[in-house]
Amino acid sequence: MSTPVRTDAPAGIDPRGPRFGAAVTLVLLVAVLLLGTTPAAYLVLAVIVASFALGAFGGIGRTWQGWVFKKLVRPRLAPPTELEDPRPPTFAQLVGLIITGAGLVLGLAGVSAAVPVAAAFALVAAFLNAVFGLCLGCELYLLGLRLRSGRPA
């Protein structure tokens with residue numbers, strides 16, 4: 001009887017899923033900026049923070065954007081040519097959570113300018129991912145791996 005081979009690498013994900021999620025997040029972040037410091041802006045930012053929390057702690061596929069992609073978008077697309085490691089996009093969700101979460105908490109604490117500032121920072125990252133496929137949080141994850149292993153960045 002053979003022993004199963006154990007691997008530490010999680011199953012790959014369709015790289016178009018995180019880009020779709022970034023596009024949806026981009027639209028929501030534009031809404032936050034257009035709403036300014038109104039209660040509606042806080043509400044939309046809270047939805048974004050909750051989405052990032054789902055992605056950061058449950059994995060990239062556990063977000064509501066991931067569900068929409070899986071159920072409504074992916075079935076209409078050709079299969080992906082390759083899969084990607086879900087760990088960098090999951091880390092990117094944590095980065096998004098920290099940025100937008102800080103903006104929301106500071107906004108609720110009375111620093112209303114923190115809401116559009118956090119939304120603007122997150123918007124830049126979402127735009128780069130959605131439009132160009134450049135995931136800043138993923139790049140930070142990979143940089144951290146290189147630094148931890150002692151290899152030059």
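Analyst: Start with a definition: buried means under 20% relative accessible area, exposed over 50%, and partly exposed in between, using a 1.4 Å probe and protein chains only. This is a predicted model, where local features need pLDDT of at least 70, side-chain atom pairs count only at pLDDT 80 or more, and totals for chains, interfaces and linings use all residues. Residues are numbered from 1 along each chain as its sequence is written, and side-chain values use heavy atoms, with hydrogens and water left out.

User: What percentage of the 153 residues in the chain is buried?

Analyst: Apply the cut-off of under 20% relative accessible area. Of the 153 residues in the chain, the buried share is 35%.

User: How many helices and how many strands does the chain have?

Analyst: Helices (H or I, at least four residues) and strands (E, at least two) are DSSP runs, numbered from the N terminus. Along the sequence the pattern reads α-α-α-α-α-α. The count is six helices and zero strands.

User: Are α1 and α2 roughly parallel or roughly antiparallel?

Analyst: Axes are lines fitted to C-alpha atoms, for helices over the stretch in contact, and angles run from 0 to 180 degrees between N-to-C directions. The axes of α1 and α2 come within 8 Å and cross at roughly 155 degrees. Angles under 35 degrees count as roughly parallel, over 145 as roughly antiparallel, 65 to 115 as roughly perpendicular and the rest as oblique. So α1 and α2 are roughly antiparallel.

User: Which residues in α2 do T25, L28, L29, V32 and L35 in α1 meet?

Analyst: Contact means heavy atoms within 4.5 Å. From α1, T25, L28, L29, V32 and L35 take part, and their partners in α2 are A40, A41, V44, L45, I48 and F52.

User: Is N129 buried or exposed?

Analyst: N129 sits in helix α5. Beyond its neighbours within four places in sequence, N129 contacts P18, R19, A22, L134 and C135. Its relative accessible area is 12%, so N129 is buried.
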